[in-house]
Amino acid sequence: MILRIGTYLGTLITIFLSGLTAVQADSYAPTNIDATLYFQAAVKDREYCSMVVKDGELVAINKLTGKPMSNAAMTCPDMFSWKLFADVVRDRFWSNWADENDNWPSQPYALCRAGQSPDKNACCQPGAANNDPEHCPIYPATRHAVKLQRLTEALTDEAHEIARDPALRRDTRLPFHHTLNPLGRLRMPESSKANAAETVLPACTDVKIDGKPRNLVAEIVKRFNPGDAESVGRVIRQTNAELTIRNQVFHDYLFTNNLYNANGVVDVFQANQQNLQSDAPYHGVNHSSQGGQSGKLYSVDLPPDAIMIKSNWLHHDLAVALGMPDDSKQYISKVLQTQIDLQALGLSKSPQSCHLDGIHHLVAFHVSSKDIPNWVWTSFEHISLPGRCDITGCNDAYGYASADKARPDGTADNYVKPNQRSDRLNSPSIVFNPDKGYPLETIRPEWDQLLAALHIGSGDSTSQVEPDPEDAAWRNFRLKGSQVEFVNSIGQATLLGNSITEAGFMDGSSCISCHARAGAAVNSDGSANFLALSVFERSLSDFGYARSHYGIPDPFWFYNDNNSRPKMAVMQTDFIWGFLNARPLVPGKR
């Protein structure tokens, strides 16, 4: 059921019930759903997981001994998730990090050779200030440092003006569907140097329909939320501005190792294939580019401090129309653009889109970190999302304690179970009760103190158009869950899904399993194929949406074994779907 305007008041009332205490065990009667979710609700952090601030940084320690913890990502994945949360917020990921067009330019030039320079030879030089941003990777925190600082300090009209500077505008996408589509650079009419790979979209306030200019914002707000949608999360998923970004370590690895273009990825594939055919069982040794020296890669293997984030931003008017709070101070906000498909909403008879510009609120985000070889996967959701703990529940052993009012006395306070109801049939069953909102979890003392020490969420928002680490609204996010392995110790597949990003197929969502299918193949003409495997499989949810893979990967996705000598069919690209955006080098510029 869809949450309508006004019904959110009921959700707000339940939030204030978070102080209710657990019930006596003899009065608690688990349902069949509860019994099944027992395994999903496992406490992931060990009892000795703790953190302290040392020299301004979070450090994981053994709470019982005070000694540094050797592998917090595996031992304390929930705690480590909150460490990542703090790290990326302090690094201002929303503006400083590189989006997919910054990582993979749509018309890439080749790396500069010895004696060449970007301005004279139409090539790309890591670290050069004069790289052409239309053809070379750029890192916003370096390239636009002065403008970003002005944006951070600006107020009111000046802040809005700076936020709309084409150089600072972030490239967002509509979500993946049954197949993956590369990110198209969204250009506004006033932007310069637009090329064939870029889309010039009119503003939704001034778009021509049948040759007549119209302001369609009111109609868009009215139509984007059909009454029979699968969930509020699905409505947001199909309408939000999705921003995927990567930190500087990640960005620099792509740039210096020639992985910002499809040709460079093909080179790694061919080296890997040749190594398998000629040198088995001995593996070629990866040498990443260092200190300006060229590297030699046999596989894509990001450094351990590489991080990528997929974030979901919802236009303020759309959020309010869904019954979410109208108070902007409840959110982390930024000026962005949402791509609106006018034909899909019945506002145009032919294929046509526009951009819905304005204040967008961060409602959810995934963080993935290479701290372990198969990455750490974690997801956060805003407390105003009515379905944030639906289906799989919310699991957090470190940051915030569950407010489940029926939790038996003496049980762990890590898990918020999904809402349930009777189906009220002649032979009744207990089923999920989606989009009803959840009581507000209570922050645990250690995390509260650490946030204060790091100055995260410690004050009011200073700007509607550019977030700050100090914004109080950072305390309105809750951990959906963490994931560090395909299966648990008894062989059960682990699950992790976000009520927005995986809306419609969250019941079988697994970040680690889905991203394990990210790979590159080589076509017969030598070009790269990044769609040899897809996110989605040929299985469907009850609503007919395609499901993603969960559980252990199948080695035969990647290798064809003819019983004598295996041959690589798909090279795994280190769990990175973003390579879909890698394009061939511009002809004649190699």
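Contact here means heavy atoms within 4.5 Å. The model is predicted. By that cut-off, Phe-93 touches Val-88, Arg-170, Ile-245, Ile-309, Leu-362 and Trp-474, leaving aside residues up to four places away in sequence.

**Nonpolar cores**
- The largest nonpolar core has 47 residues.
- Helix 4 (residues 77-90) gives the most to this core, with 8 residues.
- Phe-93 is among the residues with the most contacts inside the core, as are Phe-85, Ile-309, Phe-365, Trp-447 and Trp-474.
- Another core, of 37 residues, lies apart from the largest one. Its members include Phe-269, Val-300, Leu-302 and Phe-575.

**Sheet 21-20-26**
- An open sheet is built from 3 strands in the order 21-20-26, with antiparallel pairing.
- Strand 21 (528-529) and strand 26 (571-572) are at the edges. Each has a single partner strand, so one side of each lacks a neighbour in the sheet.
- Gly-519 sits opposite Gln-572 of strand 26.
- Helix 14 (residues 262-279) packs on the sheet and touches strand 20, strand 21 and strand 26. The direction of helix 14 makes about 80° with that of strand 20.

**Helix 9 and helix 10**
- Helix 9 (residues 145-153) packs with helix 10 (residues 156-163) at about 150°, and their axes are 8 Å apart.
- Angles over 145 degrees count as roughly antiparallel, so helix 9 is roughly antiparallel to helix 10.
- Helix 9 contributes Lys-147, Arg-150 and Leu-151 to the contact. Helix 10 contributes Glu-158, Ala-159, Ile-162 and Ala-163.
- The crossing of the two helices is left-handed.

Definitions and conventions. Residues are numbered from 1 along each chain as its sequence is written. This is a predicted model: local features need pLDDT of at least 70, side-chain atom pairs count only at pLDDT 80 or more; totals for chains, interfaces and linings use all residues. Side-chain values use heavy atoms; hydrogens and water are left out. A nonpolar core is a set of buried Ala, Val, Leu, Ile, Met, Phe, Trp, Tyr and Cys residues joined through side-chain atoms within 4.5 Å. Buried means under 20% relative accessible area, exposed over 50%, partly exposed in between (1.4 Å probe, protein chains only). Helices (H or I, at least four residues) and strands (E, at least two) are DSSP runs, numbered from the N terminus. Two strands pair if DSSP finds at least two bridges between them. Axes are lines fitted to C-alpha atoms, for helices over the stretch in contact, and angles run from 0 to 180 degrees between N-to-C directions. Angles under 35 degrees count as roughly parallel, over 145 as roughly antiparallel, 65 to 115 as roughly perpendicular and the rest as oblique. A crossing is left-handed if the near helix is turned anticlockwise from the far one by less than a right angle, and right-handed if clockwise.
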